[in-house]
Amino acid sequence: MSLTQPVPEILPERQKPTLAPPRARKLHPLPIRVMHWLNALAMLIMIGSGWGIYDDSVIFHFIYFPHWIRLGTWAAQSQQWHFAGMWLLALNGAAYLAYGIVTGRLYMRLLPIRLRDLVTTVRETVHLHLAHEDLTTYNAVQKLLYIVVILAGISQVVSGLAIWKPVQFSGLTALLGGFQSARLIHFLGMSVIVGFLVVHVALSLLVPRTLLAMLTGGPRVGGQK
Amino acid sequence: MMMSLFRPASPPDLAILDNHRPLIRSLSRRGLFRGTFSLGALVALTGCDVSNDASVQSALRAVSAWNDKVQAWLFDPKKLAPTYPASMVQKPPRFNAYYDIEHVKPVDGRDWKLEVSGRVADRSPWTIERLAALPQYDEIIQHICTEGWSYIGEWSGPRLSDFLDRVGADTRARYLYFTTADDYPTSIDMPSARHPQTLLAMTYARQTLADPFGYPVRLRTSTKIGYKNAKWLTSIEVTNEYKPGYWEKRGFNWFNGL
């Protein structure tokens, strides 16, 4: 039987598909906005408290974080924040990925990335021609940055588990090259996320409509999911 | 002139800056205002004020207690910690305590006794000789400090589980509470205490423990963070009463399993 055949008449009346056009959704549907800001909070907690834990025994002797930007007055409190914030980060992150995969949103918004588009975007940026009138599509550089930061977030959860439970998850810790190596990966993942945050926040302040859209939902995007 | 991706083929007309001066100024003003506001919010969030708020503190402690349960559930009593070759053993081990090494007060092994109390059948105290007569086990394991540093060490002594069997401990009891000569109490859960890599360590790198590292007997377990491994043990109590250790009283997590 072909899928394009009309709905058979034997279906009861209420099960017939409605003929109304699909309702246009906002650029950032409510679940996305809630998860975005919960993630922002989780990231601030994890980064600030992570710096407090790092300072207790630094990896690089020329890098330490001043007291006033750390979360927690000392190591024990920073650890309390970190091991509380991890639940928010992991659960919210898992919900975000599940939502993105089920709705197809992640795929639609972030793929594909073509090398040619990347070069074009970089060139336009340098020439100050970068168009940002249209908030509804991401350019190739944006796509790449969002994919990198999502992967960095996943990597933080994985390397975090390897540091937190190096005996229970000893296979994972070994895969990351041992405890100290996993710790270094955890630090580098933080660095990537902080680097992303600087660019992300700077750009959203430069084009405040994007910031507003993450609060109000932004323009309606017709037709599609 | 060399062609460059980063250099425009023709220089931009500088008049563009003049023509849009009001817009540029308003944008940078807005940016500055928003930037300051965000930074202020960030500082307020990460400052000491939030952490010291009583309700925030009790919430954080509640999550820490929840994490104790999660870790107890994650703990696999049969899972062994990785072990290492003797060539990787650090000699001497790294000293760490809540005071510096020059303040260590050595324990005299001749009149040292390990008291046993709580839910046990035999409360007679133990001497070094009696502990040395139990089957001895050797393990080369990683010590991981809550600060982030680690080293590999070789420890040997009787298994705590053998000791508990010998004193007729109630193995359904929830906790073991240890006291030490340096006033550094600690407590661990029964399943971790019965793990095969949990020792009453008496040697390091096959030599009698040196004074700074817990002579004559210390706790050494592969499944707990460094600060749970109390040195210079003086008593062991088998109990159902939760009693936090030195660092847990100061806010660190209690279970802290690896």
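User: In which strand of chain B does B:Gly153 lie?

Analyst: This is a predicted model, in which local features need pLDDT of at least 70, side-chain atom pairs count only at pLDDT 80 or more, and totals for chains, interfaces and linings use all residues. Residues are numbered from 1 along each chain as its sequence is written, while chains are lettered from A and ligands numbered from 1 in the order in which they are written. Helices (H or I, at least four residues) and strands (E, at least two) are DSSP runs, numbered from the N terminus. On that numbering, B:Gly153 belongs to strand E3.

User: Does B:Gly153 count as buried or exposed?

Analyst: A residue is buried if 20 or more other C-beta atoms lie within 10 Å of its own, exposed if 12 or fewer, and partly exposed in between, with C-beta atoms placed from the backbone. B:Gly153 has 23 C-beta neighbours inside 10 Å, so the class is buried.

User: Which residues is B:Gly153 in contact with, leaving aside its neighbours within four places in sequence?

Analyst: Contact requires that the C-beta atoms of two residues, placed from the backbone, lie within 7 Å. With neighbours up to four places away in sequence left out, the contacts of B:Gly153 are B:Val89, B:Gln90, B:Pro93, B:Ile141, B:His143 and B:Tyr204.

User: Which residue in E7(B) does B:Trp155 stand opposite?

Analyst: E3(B) and E7(B) pair in the antiparallel sense. Across that pairing, B:Trp155 faces B:Tyr204.

User: What is the phi of B:Arg206?

Analyst: B:Arg206 is in the loop between E7 and E8 of chain B. It is exposed, because 11 other C-beta atoms lie within 10 Å. Most residues other than glycine have a negative phi, and most peptide bonds are trans. B:Arg206 instead has a positive phi, near 65 degrees.

User: In which order do the four strands of the mixed open sheet of chain B run?

Analyst: The edge strands of this sheet are E1 (115-118) and E5. Its neighbouring strands are turned by 20 degrees against each other on average, direction ignored. The order is E1-E10-E4-E5.

User: How many of the six residues of strand E4 of chain B are buried?

Analyst: E4 (residues 175-180) pairs in the antiparallel sense with E5 (residues 186-189) over four bridges, and with E10 (residues 233-239) over six bridges. E4(B) is largely enclosed by the rest of the structure, because the buried residues number five of the six.

User: What is the bridge partner of B:Tyr177 in E10(B)?

Analyst: In E5(B), B:Tyr177 has B:Ser187 as bridge partner. In E10(B), B:Thr179 is bridged to B:Ser235, and B:Tyr177 is bridged to B:Glu237.

User: Which residue takes a positive phi in the hairpin of E4(B) and E5(B)?

Analyst: Five residues stand between the two strands of this hairpin. The one with phi near 55 degrees is B:Asp183.

User: At roughly what angle do the axes of helix H1 and helix H2 of chain A cross?

Analyst: Axes are lines fitted to C-alpha atoms, for helices over the stretch in contact, and angles run from 0 to 180 degrees between N-to-C directions. Angles under 35 degrees count as roughly parallel, over 145 as roughly antiparallel, 65 to 115 as roughly perpendicular and the rest as oblique. H1(A) and H2(A) are therefore roughly antiparallel. The axes of H1 (residues 30-55) and H2 (residues 75-102) come within 8 Å and cross at roughly 150 degrees.

User: What separates the C-alpha atoms of A:Gln156 and A:Met190?

Analyst: A:Gln156 is in helix H5 (residues 140-164) of chain A and is buried, with 25 other C-beta atoms within 10 Å. Beyond four places in sequence, A:Gln156 touches A:His186, A:Gly189 and A:Met190. A:Gln156 and A:Met190 are 34 residues apart along the chain, and their C-alpha atoms are separated by 7.4 Å.

Definitions and conventions: Pairing = 2+ DSSP bridges.
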